[in-house]
Amino acid sequence: MNLQSFHGGVEVPGHKEISTSRPVEPAPLPKRLILPLSQHLGAPAEPLVAVGDRVLKGQMIASPAGFVSAPLHAGSSGTVVAIGEHPVPHPSGLAAPCITIETDGEERWVKRERHDFRRLEPARIREMVRQAGIVGLGGAGFPAFIKLNPGRSVGTLIINAAECEPYITSDDMLMRERPEQILRGLQIIRRAVQARRCIVAIEENKPEAERSLRQGLQRLEEGDEVEIVTIPARYPAGGEKQLIQMVTGQEVPSGGLPVQIGVVCHNVSTAAAVYRAVELGEPLLSRYVTVTGGAVAEPRNLEALIGTPVAELLALCGTALDAVQEVIMGGPMMGISLASLQVPLVKTGNCLLAVARGEIEHAAVMPCIRCGSCADVCPISLLPQQMYWHARARDFDRIQEYDLFDCIECGCCAYVCPSNIPLVHYYRFAKSEIRALQEQKRKADIARERHELRERRLAREKAERAARHARRKPGPSDESKRAAIQAALERARAGKQGSPDDV
Ligand code: SF4
Ligand code: SF4
(Lines give C-alpha, C1' and ligand atoms only; values in the text may rest on other atoms or scores of the structure.)
(Ligands and ions follow the chains in the order given, each with its own letter.)
Protein backbone atom coordinates (compact mmCIF):
# COMPACT_ATOMS: atom_id res chain seq x y z
CA MET A 1 0.00 0.00 0.00
CA ASN A 2 1.19 3.49 -0.81
CA LEU A 3 1.22 5.15 2.60
CA GLN A 4 0.89 8.93 2.89
CA SER A 5 2.38 11.09 5.63
CA PHE A 6 0.88 13.62 8.02
CA HIS A 7 2.20 17.00 9.04
CA GLY A 8 4.39 17.26 12.14
CA GLY A 9 4.53 14.63 14.84
CA VAL A 10 7.49 13.67 16.98
CA GLU A 11 9.67 10.68 17.62
CA VAL A 12 9.43 9.69 21.26
CA PRO A 13 11.11 6.82 23.11
CA GLY A 14 8.57 4.00 23.30
CA HIS A 15 9.45 2.32 26.65
CA LYS A 16 7.08 -0.44 25.54
CA GLU A 17 9.38 -3.40 26.10
CA ILE A 18 9.11 -2.82 29.87
CA SER A 19 5.61 -4.26 30.06
CA THR A 20 5.48 -6.84 27.28
CA SER A 21 7.79 -9.54 28.61
CA ARG A 22 5.10 -11.32 30.65
CA PRO A 23 1.74 -12.71 29.58
CA VAL A 24 -1.38 -10.85 30.62
CA GLU A 25 -2.70 -11.92 34.03
CA PRO A 26 -6.23 -11.56 35.39
CA ALA A 27 -6.44 -9.19 38.36
CA PRO A 28 -8.19 -10.76 41.38
CA LEU A 29 -11.76 -9.79 42.12
CA PRO A 30 -11.68 -6.62 44.27
CA LYS A 31 -13.81 -6.30 47.42
CA ARG A 32 -15.43 -3.19 46.00
CA LEU A 33 -16.11 -1.99 42.48
CA ILE A 34 -16.55 1.76 42.03
CA LEU A 35 -18.35 2.58 38.81
CA PRO A 36 -18.54 6.24 37.73
CA LEU A 37 -21.77 7.13 35.92
CA SER A 38 -19.78 9.07 33.36
CA GLN A 39 -17.04 7.05 31.68
CA HIS A 40 -17.83 8.20 28.18
CA LEU A 41 -18.40 11.30 26.10
CA GLY A 42 -21.97 12.53 26.48
CA ALA A 43 -24.56 12.56 29.24
CA PRO A 44 -23.83 10.53 32.42
CA ALA A 45 -25.84 7.33 32.79
CA GLU A 46 -28.81 7.27 35.21
CA PRO A 47 -28.85 4.71 38.07
CA LEU A 48 -31.34 1.83 37.83
CA VAL A 49 -30.48 0.47 41.29
CA ALA A 50 -30.69 1.69 44.89
CA VAL A 51 -28.45 1.17 47.90
CA GLY A 52 -29.07 -2.31 49.29
CA ASP A 53 -30.02 -3.88 45.94
CA ARG A 54 -28.45 -7.21 45.04
CA VAL A 55 -26.97 -7.29 41.54
CA LEU A 56 -25.69 -9.98 39.20
CA LYS A 57 -22.55 -9.89 37.11
CA GLY A 58 -23.36 -8.21 33.80
CA GLN A 59 -26.59 -6.64 35.07
CA MET A 60 -27.28 -3.14 33.76
CA ILE A 61 -27.13 -0.83 36.78
CA ALA A 62 -27.38 2.54 34.98
CA SER A 63 -29.12 3.35 31.72
CA PRO A 64 -28.04 5.81 29.03
CA ALA A 65 -29.48 9.33 29.45
CA GLY A 66 -30.06 10.39 25.87
CA PHE A 67 -28.60 9.45 22.51
CA VAL A 68 -24.94 10.28 23.25
CA SER A 69 -24.59 8.25 26.44
CA ALA A 70 -23.73 4.70 27.50
CA PRO A 71 -25.13 2.25 30.07
CA LEU A 72 -23.16 0.80 32.95
CA HIS A 73 -23.06 -2.83 34.16
CA ALA A 74 -22.11 -4.58 37.37
CA GLY A 75 -18.67 -6.16 36.95
CA SER A 76 -19.48 -8.89 39.48
CA SER A 77 -22.34 -10.09 41.65
CA GLY A 78 -22.82 -8.38 45.00
CA THR A 79 -24.67 -5.59 46.78
CA VAL A 80 -24.94 -1.90 45.98
CA VAL A 81 -23.51 -0.20 49.06
CA ALA A 82 -23.29 3.43 47.90
CA ILE A 83 -24.47 5.80 45.20
CA GLY A 84 -22.74 9.14 45.48
CA GLU A 85 -19.64 11.22 44.94
CA HIS A 86 -16.27 9.46 44.76
CA PRO A 87 -12.88 10.53 43.33
CA VAL A 88 -12.67 9.73 39.60
CA PRO A 89 -9.92 10.02 36.99
CA HIS A 90 -10.50 13.53 35.61
CA PRO A 91 -8.15 16.46 34.89
CA SER A 92 -10.06 18.55 37.47
CA GLY A 93 -9.31 16.04 40.24
CA LEU A 94 -12.90 16.44 41.44
CA ALA A 95 -15.24 13.70 42.63
CA ALA A 96 -18.23 12.55 40.56
CA PRO A 97 -21.30 10.33 41.05
CA CYS A 98 -20.46 6.61 41.23
CA ILE A 99 -22.24 3.35 42.08
CA THR A 100 -20.25 1.22 44.53
CA ILE A 101 -20.79 -2.55 44.63
CA GLU A 102 -19.52 -4.80 47.40
CA THR A 103 -18.71 -8.04 45.61
CA ASP A 104 -19.81 -11.40 47.08
CA GLY A 105 -17.17 -13.53 45.34
CA GLU A 106 -19.80 -15.72 43.71
CA GLU A 107 -19.53 -14.25 40.22
CA ARG A 108 -23.18 -15.04 39.42
CA TRP A 109 -24.02 -13.91 35.90
CA VAL A 110 -27.19 -12.52 34.41
CA LYS A 111 -28.60 -14.56 31.53
CA ARG A 112 -26.36 -14.25 28.49
CA GLU A 113 -27.44 -14.79 24.89
CA ARG A 114 -25.00 -15.95 22.27
CA HIS A 115 -25.48 -14.93 18.63
CA ASP A 116 -24.00 -15.70 15.26
CA PHE A 117 -23.42 -12.23 13.87
CA ARG A 118 -24.04 -13.40 10.29
CA ARG A 119 -27.68 -13.87 11.15
CA LEU A 120 -28.04 -10.38 12.59
CA GLU A 121 -29.18 -7.24 10.78
CA PRO A 122 -26.91 -4.16 11.15
CA ALA A 123 -29.53 -2.37 13.28
CA ARG A 124 -29.65 -5.31 15.70
CA ILE A 125 -25.85 -5.32 16.00
CA ARG A 126 -25.85 -1.59 16.78
CA GLU A 127 -28.47 -2.04 19.47
CA MET A 128 -26.51 -4.91 21.06
CA VAL A 129 -23.35 -2.81 21.10
CA ARG A 130 -25.30 0.06 22.65
CA GLN A 131 -26.83 -2.14 25.34
CA ALA A 132 -23.36 -3.54 26.14
CA GLY A 133 -22.09 -0.08 27.11
CA ILE A 134 -19.16 -0.20 24.69
CA VAL A 135 -17.28 3.06 24.18
CA GLY A 136 -14.13 3.84 22.21
CA LEU A 137 -11.48 2.01 24.25
CA GLY A 138 -8.54 3.75 22.62
CA GLY A 139 -9.07 6.67 24.98
CA ALA A 140 -11.79 8.76 23.34
CA GLY A 141 -14.74 7.16 25.14
CA PHE A 142 -17.23 7.99 22.40
CA PRO A 143 -20.21 5.57 22.52
CA ALA A 144 -19.28 2.95 19.92
CA PHE A 145 -22.76 2.27 18.57
CA ILE A 146 -22.92 5.79 17.12
CA LYS A 147 -19.94 5.09 14.89
CA LEU A 148 -21.66 1.86 13.81
CA ASN A 149 -24.51 3.95 12.44
CA PRO A 150 -22.77 6.03 9.76
CA GLY A 151 -25.95 7.06 7.93
CA ARG A 152 -24.09 6.99 4.61
CA SER A 153 -22.03 4.60 2.55
CA VAL A 154 -18.71 3.57 4.09
CA GLY A 155 -15.84 2.88 1.73
CA THR A 156 -13.19 1.95 4.30
CA LEU A 157 -13.27 0.56 7.82
CA ILE A 158 -9.95 1.10 9.62
CA ILE A 159 -9.10 -0.84 12.77
CA ASN A 160 -6.66 1.30 14.72
CA ALA A 161 -3.88 -0.91 16.06
CA ALA A 162 -1.23 1.83 16.14
CA GLU A 163 -1.03 2.38 19.93
CA CYS A 164 1.50 5.13 19.36
CA GLU A 165 1.76 6.63 22.85
CA PRO A 166 4.85 5.67 24.89
CA TYR A 167 4.63 3.05 27.66
CA ILE A 168 1.14 1.77 26.71
CA THR A 169 1.01 -1.85 25.52
CA SER A 170 -2.52 -3.03 26.31
CA ASP A 171 -3.57 -3.16 22.63
CA ASP A 172 -0.27 -4.77 21.70
CA MET A 173 -0.83 -7.59 24.23
CA LEU A 174 -4.46 -8.01 23.18
CA MET A 175 -3.33 -8.50 19.57
CA ARG A 176 -0.72 -11.03 20.67
CA GLU A 177 -3.07 -13.01 22.89
CA ARG A 178 -6.56 -12.64 21.41
CA PRO A 179 -6.27 -11.95 17.69
CA GLU A 180 -9.40 -13.96 16.90
CA GLN A 181 -11.54 -11.75 19.13
CA ILE A 182 -10.28 -8.64 17.36
CA LEU A 183 -10.80 -10.11 13.90
CA ARG A 184 -14.30 -11.38 14.75
CA GLY A 185 -15.12 -7.95 16.13
CA LEU A 186 -13.80 -6.42 12.93
CA GLN A 187 -16.13 -8.63 10.88
CA ILE A 188 -19.09 -7.65 13.06
CA ILE A 189 -18.30 -3.94 12.76
CA ARG A 190 -17.85 -4.36 9.04
CA ARG A 191 -21.30 -5.93 8.77
CA ALA A 192 -22.83 -3.14 10.87
CA VAL A 193 -21.38 -0.33 8.73
CA GLN A 194 -21.44 -2.31 5.46
CA ALA A 195 -17.87 -1.28 4.65
CA ARG A 196 -16.48 -2.31 1.27
CA ARG A 197 -12.83 -2.38 2.37
CA CYS A 198 -11.25 -3.22 5.70
CA ILE A 199 -7.76 -2.31 6.92
CA VAL A 200 -5.93 -3.03 10.18
CA ALA A 201 -3.22 -0.38 10.66
CA ILE A 202 -0.41 -1.32 13.07
CA GLU A 203 2.81 0.50 14.00
CA GLU A 204 6.03 -1.13 12.84
CA ASN A 205 7.28 -1.52 16.44
CA LYS A 206 4.86 -4.38 17.20
CA PRO A 207 6.13 -7.33 15.12
CA GLU A 208 4.77 -10.01 17.49
CA ALA A 209 1.31 -8.48 17.45
CA GLU A 210 1.37 -8.19 13.67
CA ARG A 211 2.44 -11.81 13.30
CA SER A 212 -0.31 -12.92 15.63
CA LEU A 213 -2.93 -10.97 13.67
CA ARG A 214 -1.73 -12.38 10.37
CA GLN A 215 -1.94 -15.93 11.75
CA GLY A 216 -5.43 -15.19 13.06
CA LEU A 217 -6.43 -13.90 9.65
CA GLN A 218 -5.57 -17.24 8.05
CA ARG A 219 -8.05 -18.96 10.32
CA LEU A 220 -10.95 -16.69 9.32
CA GLU A 221 -13.16 -17.59 6.41
CA GLU A 222 -13.18 -14.04 5.06
CA GLY A 223 -9.54 -13.48 6.00
CA ASP A 224 -8.33 -12.51 2.56
CA GLU A 225 -10.65 -9.49 2.54
CA VAL A 226 -8.78 -7.79 5.38
CA GLU A 227 -5.54 -5.90 4.74
CA ILE A 228 -2.95 -5.48 7.48
CA VAL A 229 -0.89 -2.35 6.95
CA THR A 230 2.32 -1.53 8.83
CA ILE A 231 2.79 2.18 9.48
CA PRO A 232 5.88 4.09 10.72
CA ALA A 233 6.19 4.55 14.48
CA ARG A 234 5.78 8.30 14.66
CA TYR A 235 3.68 9.91 17.38
CA PRO A 236 0.69 10.54 17.01
CA ALA A 237 0.25 8.08 14.14
CA GLY A 238 -2.63 6.51 16.08
CA GLY A 239 -4.62 9.76 16.14
CA GLU A 240 -7.77 9.06 14.15
CA LYS A 241 -7.28 11.86 11.63
CA GLN A 242 -3.56 11.16 11.20
CA LEU A 243 -4.15 7.45 10.69
CA ILE A 244 -6.87 8.05 8.11
CA GLN A 245 -4.62 10.45 6.25
CA MET A 246 -1.75 7.96 6.23
CA VAL A 247 -3.83 5.01 5.12
CA THR A 248 -6.27 6.61 2.67
CA GLY A 249 -4.51 9.86 1.70
CA GLN A 250 -7.71 11.73 2.56
CA GLU A 251 -8.02 14.53 5.11
CA VAL A 252 -10.93 14.73 7.52
CA PRO A 253 -12.29 18.30 7.21
CA SER A 254 -11.77 20.73 10.10
CA GLY A 255 -14.54 20.22 12.66
CA GLY A 256 -15.80 17.24 10.61
CA LEU A 257 -16.03 13.48 11.11
CA PRO A 258 -14.28 10.66 9.23
CA VAL A 259 -17.60 9.36 7.95
CA GLN A 260 -17.92 12.54 5.87
CA ILE A 261 -15.15 11.12 3.67
CA GLY A 262 -16.57 7.59 3.83
CA VAL A 263 -14.27 6.24 6.55
CA VAL A 264 -15.07 4.67 9.93
CA CYS A 265 -12.28 4.00 12.44
CA HIS A 266 -12.42 1.77 15.55
CA ASN A 267 -9.73 0.73 18.02
CA VAL A 268 -8.64 -2.94 18.35
CA SER A 269 -9.84 -3.22 21.96
CA THR A 270 -13.22 -1.82 20.92
CA ALA A 271 -13.41 -4.47 18.18
CA ALA A 272 -12.74 -7.25 20.73
CA ALA A 273 -15.40 -5.79 23.06
CA VAL A 274 -17.89 -5.78 20.17
CA TYR A 275 -17.16 -9.46 19.56
CA ARG A 276 -17.77 -10.33 23.23
CA ALA A 277 -21.00 -8.34 23.30
CA VAL A 278 -22.50 -9.79 20.13
CA GLU A 279 -21.23 -13.36 20.03
CA LEU A 280 -20.92 -14.08 23.77
CA GLY A 281 -23.62 -11.74 25.12
CA GLU A 282 -21.18 -10.06 27.56
CA PRO A 283 -21.36 -6.33 28.23
CA LEU A 284 -18.18 -4.33 28.70
CA LEU A 285 -16.99 -5.32 32.19
CA SER A 286 -13.22 -5.55 31.98
CA ARG A 287 -10.25 -4.46 29.93
CA TYR A 288 -6.51 -4.93 29.47
CA VAL A 289 -4.56 -2.29 31.37
CA THR A 290 -0.80 -1.70 31.30
CA VAL A 291 0.75 -1.09 34.73
CA THR A 292 4.19 0.33 34.14
CA GLY A 293 6.70 3.07 34.98
CA GLY A 294 9.90 3.43 36.97
CA ALA A 295 8.16 2.92 40.31
CA VAL A 296 6.64 -0.45 39.30
CA ALA A 297 8.70 -3.52 40.25
CA GLU A 298 6.81 -5.97 37.98
CA PRO A 299 5.45 -3.98 35.06
CA ARG A 300 2.97 -5.94 32.96
CA ASN A 301 -0.57 -5.99 31.62
CA LEU A 302 -3.52 -7.07 33.72
CA GLU A 303 -7.03 -7.96 32.70
CA ALA A 304 -8.97 -6.01 35.31
CA LEU A 305 -12.61 -5.34 36.04
CA ILE A 306 -13.69 -1.79 35.33
CA GLY A 307 -14.25 -0.19 38.73
CA THR A 308 -11.21 -1.80 40.40
CA PRO A 309 -9.42 0.78 42.60
CA VAL A 310 -6.19 1.95 40.97
CA ALA A 311 -4.28 1.49 44.25
CA GLU A 312 -5.02 -2.27 44.12
CA LEU A 313 -3.77 -2.61 40.54
CA LEU A 314 -0.57 -0.75 41.39
CA ALA A 315 -0.03 -2.95 44.45
CA LEU A 316 -0.47 -6.13 42.37
CA CYS A 317 2.50 -5.07 40.26
CA GLY A 318 4.70 -4.21 43.22
CA THR A 319 4.59 -0.44 42.96
CA ALA A 320 6.78 1.37 45.47
CA LEU A 321 4.42 4.17 46.45
CA ASP A 322 7.12 6.04 48.38
CA ALA A 323 9.15 6.28 45.16
CA VAL A 324 6.24 7.58 43.06
CA GLN A 325 6.36 11.11 41.72
CA GLU A 326 2.95 10.88 40.07
CA VAL A 327 0.55 8.28 38.69
CA ILE A 328 -0.85 8.95 35.24
CA MET A 329 -3.89 7.21 33.76
CA GLY A 330 -2.96 6.89 30.08
CA GLY A 331 0.43 7.75 28.65
CA PRO A 332 2.86 10.58 29.36
CA MET A 333 1.68 12.61 26.34
CA MET A 334 -2.12 12.57 26.74
CA GLY A 335 -2.78 10.94 30.10
CA ILE A 336 -4.35 12.41 33.23
CA SER A 337 -2.29 12.86 36.39
CA LEU A 338 -4.33 11.24 39.17
CA ALA A 339 -5.17 13.34 42.21
CA SER A 340 -5.97 10.21 44.28
CA LEU A 341 -5.13 6.50 44.03
CA GLN A 342 -8.63 5.69 45.26
CA VAL A 343 -9.99 6.43 41.78
CA PRO A 344 -11.26 3.35 39.90
CA LEU A 345 -10.13 1.93 36.59
CA VAL A 346 -12.52 3.27 33.94
CA LYS A 347 -13.49 2.01 30.49
CA THR A 348 -10.95 4.25 28.75
CA GLY A 349 -8.13 3.49 31.23
CA ASN A 350 -5.58 1.71 29.05
CA CYS A 351 -2.52 2.37 31.24
CA LEU A 352 -1.39 3.24 34.75
CA LEU A 353 1.98 4.90 34.58
CA ALA A 354 3.62 5.16 38.02
CA VAL A 355 6.39 7.64 37.37
CA ALA A 356 9.38 7.37 39.71
CA ARG A 357 10.99 10.55 41.00
CA GLY A 358 13.25 11.98 38.31
CA GLU A 359 11.97 9.58 35.62
CA ILE A 360 10.15 12.30 33.68
CA GLU A 361 11.88 15.62 33.87
CA HIS A 362 9.77 18.62 34.91
CA ALA A 363 12.05 21.52 34.04
CA ALA A 364 11.24 25.09 35.04
CA VAL A 365 8.78 26.95 32.81
CA MET A 366 10.30 29.94 31.02
CA PRO A 367 8.87 32.65 28.78
CA CYS A 368 7.99 31.83 25.19
CA ILE A 369 10.85 32.72 22.85
CA ARG A 370 8.66 32.57 19.72
CA CYS A 371 10.84 29.89 18.15
CA GLY A 372 7.94 28.31 16.24
CA SER A 373 8.96 24.71 17.06
CA CYS A 374 5.47 23.99 18.37
CA ALA A 375 3.89 24.84 15.02
CA ASP A 376 6.40 22.65 13.16
CA VAL A 377 5.31 19.51 15.02
CA CYS A 378 1.56 20.12 15.30
CA PRO A 379 -0.11 17.27 13.38
CA ILE A 380 -3.21 19.41 12.79
CA SER A 381 -1.16 22.34 11.44
CA LEU A 382 -2.45 24.67 14.15
CA LEU A 383 -0.59 27.64 15.62
CA PRO A 384 0.05 26.48 19.22
CA GLN A 385 1.97 29.62 20.21
CA GLN A 386 -0.88 31.95 19.26
CA MET A 387 -3.41 29.72 21.00
CA TYR A 388 -1.22 29.81 24.10
CA TRP A 389 -1.18 33.63 24.17
CA HIS A 390 -4.94 33.89 23.73
CA ALA A 391 -5.59 31.22 26.39
CA ARG A 392 -3.34 33.11 28.80
CA ALA A 393 -5.18 36.35 28.03
CA ARG A 394 -8.54 34.55 28.39
CA ASP A 395 -9.43 35.84 24.94
CA PHE A 396 -11.78 33.00 24.14
CA ASP A 397 -13.17 34.53 20.95
CA ARG A 398 -9.74 34.93 19.37
CA ILE A 399 -8.53 31.49 20.38
CA GLN A 400 -11.47 29.89 18.61
CA GLU A 401 -10.45 31.71 15.44
CA TYR A 402 -7.30 29.56 15.66
CA ASP A 403 -9.40 26.35 15.59
CA LEU A 404 -8.80 25.46 19.23
CA PHE A 405 -11.40 22.69 19.07
CA ASP A 406 -9.46 20.92 16.29
CA CYS A 407 -6.59 20.42 18.76
CA ILE A 408 -6.40 16.71 19.66
CA GLU A 409 -4.32 17.44 22.81
CA CYS A 410 -1.56 15.17 21.56
CA GLY A 411 1.11 17.12 23.46
CA CYS A 412 3.63 17.28 20.58
CA CYS A 413 3.89 21.07 20.94
CA ALA A 414 4.63 20.89 24.67
CA TYR A 415 7.09 18.04 24.09
CA VAL A 416 9.33 20.15 21.86
CA CYS A 417 8.84 23.51 23.59
CA PRO A 418 12.29 24.70 24.74
CA SER A 419 10.63 26.90 27.36
CA ASN A 420 8.85 23.86 28.91
CA ILE A 421 5.48 25.57 28.71
CA PRO A 422 2.67 23.10 29.52
CA LEU A 423 0.81 24.18 26.40
CA VAL A 424 -1.86 21.46 26.48
CA HIS A 425 -2.96 22.57 29.98
CA TYR A 426 -3.73 26.00 28.52
CA TYR A 427 -5.76 24.47 25.68
CA ARG A 428 -7.70 22.22 28.06
CA PHE A 429 -8.35 25.20 30.31
CA ALA A 430 -9.59 27.32 27.38
CA LYS A 431 -11.80 24.52 26.08
CA SER A 432 -13.43 23.91 29.46
CA GLU A 433 -13.97 27.65 30.00
CA ILE A 434 -15.55 28.04 26.58
CA ARG A 435 -17.79 25.03 27.17
CA ALA A 436 -18.83 26.48 30.56
CA LEU A 437 -19.59 29.86 28.96
CA GLN A 438 -21.58 28.16 26.19
CA GLU A 439 -23.55 26.25 28.80
CA GLN A 440 -24.23 29.46 30.75
CA LYS A 441 -25.38 31.15 27.55
CA ARG A 442 -27.60 28.20 26.68
CA LYS A 443 -29.27 28.37 30.09
CA ALA A 444 -29.64 32.17 29.85
CA ASP A 445 -31.18 31.82 26.37
CA ILE A 446 -33.69 29.28 27.68
CA ALA A 447 -34.59 31.57 30.62
CA ARG A 448 -34.99 34.58 28.30
CA GLU A 449 -37.13 32.60 25.89
CA ARG A 450 -39.38 31.44 28.74
CA HIS A 451 -39.68 35.03 30.01
CA GLU A 452 -40.58 36.29 26.53
CA LEU A 453 -43.16 33.53 26.09
CA ARG A 454 -44.73 34.45 29.44
CA GLU A 455 -44.83 38.16 28.52
CA ARG A 456 -46.46 37.33 25.19
CA ARG A 457 -49.03 35.09 26.91
CA LEU A 458 -49.94 37.78 29.47
CA ALA A 459 -50.30 40.42 26.73
CA ARG A 460 -52.53 38.08 24.70
CA GLU A 461 -54.75 37.29 27.71
CA LYS A 462 -55.09 41.02 28.48
CA ALA A 463 -56.07 41.78 24.89
CA GLU A 464 -58.62 38.94 24.94
CA ARG A 465 -60.14 40.28 28.17
CA ALA A 466 -60.43 43.77 26.69
CA ALA A 467 -62.11 42.37 23.59
CA ARG A 468 -64.62 40.46 25.73
CA HIS A 469 -65.55 43.65 27.64
CA ALA A 470 -65.92 45.58 24.42
CA ARG A 471 -68.36 42.99 23.11
CA ARG A 472 -70.57 43.26 26.23
CA LYS A 473 -72.68 46.41 25.16
CA PRO A 474 -75.85 47.18 27.30
CA GLY A 475 -79.14 45.87 25.68
CA PRO A 476 -82.57 47.78 25.45
CA SER A 477 -84.00 45.91 28.44
CA ASP A 478 -81.09 47.05 30.63
CA GLU A 479 -81.66 50.65 29.48
CA SER A 480 -85.34 50.64 30.47
CA LYS A 481 -84.59 49.03 33.83
CA ARG A 482 -81.96 51.64 34.51
CA ALA A 483 -84.36 54.50 33.58
CA ALA A 484 -87.10 53.07 35.86
CA ILE A 485 -84.66 52.83 38.78
CA GLN A 486 -83.48 56.37 38.13
CA ALA A 487 -87.07 57.69 38.07
CA ALA A 488 -87.90 55.85 41.30
CA LEU A 489 -84.85 57.30 43.01
CA GLU A 490 -85.78 60.82 41.90
CA ARG A 491 -89.30 60.38 43.17
CA ALA A 492 -87.98 59.16 46.50
CA ARG A 493 -85.72 62.19 46.77
CA ALA A 494 -88.73 64.48 46.04
CA GLY A 495 -90.64 62.87 48.96
CA LYS A 496 -93.19 61.07 46.83
CA GLN A 497 -94.03 57.54 47.80
CA GLY A 498 -93.73 55.25 44.90
CA SER A 499 -95.01 51.77 44.50
CA PRO A 500 -92.61 48.99 45.58
CA ASP A 501 -92.84 47.80 42.02
CA ASP A 502 -91.16 51.05 40.91
CA VAL A 503 -87.94 49.85 42.37
S1 SF4 B 1 7.76 26.06 21.19
FE2 SF4 B 1 7.43 27.10 23.13
S3 SF4 B 1 8.89 28.79 23.10
FE4 SF4 B 1 8.73 28.06 20.99
S5 SF4 B 1 7.10 29.34 20.10
FE6 SF4 B 1 6.12 27.51 20.86
S7 SF4 B 1 5.42 28.09 22.89
FE8 SF4 B 1 6.97 29.59 22.31
S1 SF4 C 1 -1.65 19.52 21.48
FE2 SF4 C 1 -2.93 20.55 19.98
S3 SF4 C 1 -1.77 22.34 19.38
FE4 SF4 C 1 -0.33 20.96 20.40
S5 SF4 C 1 0.57 19.79 18.74
FE6 SF4 C 1 -1.17 18.59 19.48
S7 SF4 C 1 -2.89 19.22 18.19
FE8 SF4 C 1 -1.26 20.74 17.90
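The protein chain is divided into domain 1, residues 17–303, and domain 2, residues 371–472; the bounds come from an automatic or database domain assignment. This is a predicted model, in which local features need pLDDT of at least 70 and side-chain atom pairs count only at pLDDT 80 or more, while totals for chains, interfaces and linings use all residues. Residues are numbered from 1 along each chain as its sequence is written, and chains are lettered from A and ligands numbered from 1 in the order in which they are written.

I start with the two domains. Their C-alpha centres lie 31 Å apart. Domain 1 gives 7 residues to the contact and domain 2 gives 8, where two residues are in contact if their C-beta atoms, placed from the backbone, lie within 7 Å. The domain 1 side of that contact has 3 nonpolar, 4 polar and no charged residues. For these classes, Ala, Val, Leu, Ile, Met, Phe, Trp, Tyr, Cys and Pro count as nonpolar, Asp, Glu, Lys and Arg as charged, and the others, Gly among them, as polar.

Next, the ligands. Around ligand 1 there are 14 residues, the closest being Cys368, Cys371, Cys374, Gln385 and Cys417. A residue is counted here if its C-beta atom, placed from the backbone, lies within 6 Å of the molecule. Helices α9 (373–377) and α10 (384–392) each supply at least two residues of this shell; helices are DSSP runs of H or I with at least four residues, strands are runs of E with at least two, and both are numbered from the N terminus. The largest share, 3 residues, comes from α10. By class, the shell around ligand 1 has 9 nonpolar, 4 polar and 1 charged.

Ligand 2 is surrounded by 16 residues, and the closest are Cys378, Cys407, Cys410, Cys412 and Cys413. Two or more residues of that shell come from each of α12 (412–416) and α13 (423–471). Which element gives the largest share of the shell around ligand 2? That is α13, with 3 residues. The shell around ligand 2 divides into 14 nonpolar, 1 polar and 1 charged.

Helix α3, residues 170–177, packs against α7, residues 268–279, at an angle of about 50°, with the axes 9 Å apart. The axes are lines fitted to C-alpha atoms, for helices over the stretch in contact, and the angles run from 0 to 180 degrees between N-to-C directions. That makes α3 oblique to α7: angles under 35 degrees count as roughly parallel, over 145 as roughly antiparallel, 65 to 115 as roughly perpendicular, and the rest as oblique. From α3, Ser170, Asp171, Leu174 and Met175 meet Val268, Ser269 and Ala272 of α7. This contact comprises 4 nonpolar, 2 polar and 1 charged residues.

Why is α3 described as largely enclosed by the rest of the structure? Because 7 of its 8 residues are buried, meaning that 20 or more other C-beta atoms lie within 10 Å of their own; 12 or fewer counts as exposed, and in between as partly exposed, with C-beta atoms placed from the backbone. The buried residues of α3 are Ser170, Asp171, Asp172, Met173, Leu174, Met175 and Arg176.

Helix α1, residues 122–131, also has an axis that comes within 9 Å of that of α7, and the two cross at roughly 105°. That makes α1 roughly perpendicular to α7. Here Ile125, Met128 and Val129 of α1 meet Val274, Ala277 and Val278 of α7. The contact of α1 with α7 has 6 nonpolar, no polar and no charged residues.

Finally, some loops. Leu41 lies between β2 (32–36) and β3 (46–47). Leu41 is partly exposed, with 16 other C-beta atoms within 10 Å. Leaving out residues up to four places away in sequence, Leu41 touches Val68, Ala140, Gly141 and Phe142. Leu41 and Val135 are 94 residues apart in sequence, but 8.5 Å apart in space, C-alpha to C-alpha.

The peptide bond from Tyr235 to Pro236 is cis, with omega near 0°. Pro236 sits in the loop between β11 (226–231) and α6 (240–248).

Glu107 is not a glycine, yet has a positive phi of about 50°. Glu107 belongs to the loop between β8 (95–103) and α1, and is partly exposed, with 13 other C-beta atoms within 10 Å. Gln194, also not a glycine, has a positive phi of about 55°. Gln194 is in the loop between α4 (179–193) and β10 (197–203), and is exposed, with 11 other C-beta atoms within 10 Å.
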